[in-house]
Amino acid sequence: MKSRVNDLVNLLKEKKLTIGSVESMTGGMFASEITSISGASQVFKGSIVAYSPLVKENVCQVKKETIEKNGVVSYEVASEMAYRGREILDVDFCIAVTGNAGPSSDADNKPVGMIFISIMGKDYTWGLPLNLKGERNKIRQETTYVMIEFLIKTIESLY
């Protein structure tokens, strides 16, 4: 994974772009991977770990109605997290993730391994649903890897 994280940081430097993240089920794992690369401070402005619904609402400004209607594990919540995160962190791209890493179904009966990733750019929002299998930390690590790849592919497709 380190080489792909390096690739992402180098791509962002080359394109003079900044990113940030709003993470739920990964608990800051994405931010940790990015900041493990020397020079990441040139392109990574920060992360919000919004693990609970209240933090999603109060810090990330996700509408309570969105959570009540769709549940916290939903594309709609991931999209609002990315949208608000882009504004709060003042970045070119914000990636957000919400999901259920297990070990059991969540309060909304979303199955283990159901994940939603969203990227918000200046003009567009991209979404990626995942259905992963495995134990909790394996799901979290795989999600982090997919987030890195999703950002690389999105940015390469635009620039």
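I take buried to mean under 20% relative accessible area, exposed over 50%, and partly exposed in between, with a 1.4 Å probe and protein chains only. The model is predicted, so I hold local features to pLDDT of at least 70 and side-chain atom pairs to pLDDT 80 or more, while totals for chains, interfaces and linings use all residues. Residues are numbered from 1 along each chain as its sequence is written, and side-chain values use heavy atoms, with hydrogens and water left out.

**Entry: Met114**

I began with Met114, which is partly exposed because its relative accessible area is 25%. Met114 lies in strand β4; I use helices (H or I, at least four residues) and strands (E, at least two) as DSSP runs, numbered from the N terminus. For contact I require heavy atoms within 4.5 Å. Leaving aside residues up to four places away in sequence, Met114 touches Val73, Gly99, Asn100 and Leu130. I also looked up Ile19: it is 95 residues from Met114 in sequence, and their C-alpha atoms are 24 Å apart in space.

**Entry: the sheet**

I count two strands as paired if DSSP finds at least two bridges between them. Strands of a sheet pair through backbone hydrogen bonds, either parallel or antiparallel. Here five strands form an open sheet, ordered β2-β1-β3-β4-β5, with mixed pairing. At the edges I find β2 (44-49) and β5 (125-131), each pairing on one side only. On average, neighbouring strands of this sheet are turned by 15 degrees against each other, direction ignored. I then checked β3 (residues 93-99) against β4 (residues 114-120): they pair in the antiparallel sense over six bridges. In β4, Ile115 is the residue opposite Gly99.

**Entry: loop between β3 and β4**

Pro103 sits in the loop between β3 and β4. The peptide bond from Gly102 to Pro103 is cis, and I read its omega as near 20 degrees.

I checked the length of α5 (residues 75-89): its 15 residues should span 21 Å at 1.5 Å a residue, and the end C-alpha atoms are 20 Å apart, which agrees. The expected span is 1.5 Å times one less than the number of residues. I list Val77, Ala78, Ser79, Glu80, Met81, Ala82, Arg84, Gly85 and Leu89 as the buried residues of α5.

Asp90 follows α5 and belongs to the loop between α5 and β3. Asp90 is not a glycine, yet its phi is positive, about 55 degrees. I note Asp90 as exposed because its relative accessible area is 54%.

**Entry: Gln61**

Most residues other than glycine have a negative phi, and most peptide bonds are trans. I therefore noted Gln61, which is partly exposed at 43% relative accessibility. Its phi is positive, about 60 degrees, although Gln61 is not a glycine. Gln61 is in the loop between α3 (53-58) and α4 (64-70).

**Entry: α1 against α6**

For axes I use lines fitted to C-alpha atoms, for helices over the stretch in contact, with angles from 0 to 180 degrees between N-to-C directions. The axes of α1 (residues 2-15) and α6 (residues 136-158) come within 10 Å and cross at roughly 35 degrees. The α1 and α6 crossing is left-handed, meaning that the near helix is turned anticlockwise from the far one by less than a right angle. From α1, the residues Arg4, Val5, Asp7, Leu8, Leu11 and Leu12 meet Tyr145, Ile148, Glu149, Leu151, Ile152, Ile155 and Glu156 of α6. I sort the residues of this contact into nine nonpolar, no polar and four charged. In that sorting, Ala, Val, Leu, Ile, Met, Phe, Trp, Tyr, Cys and Pro count as nonpolar, Asp, Glu, Lys and Arg as charged, and the others, Gly among them, as polar.
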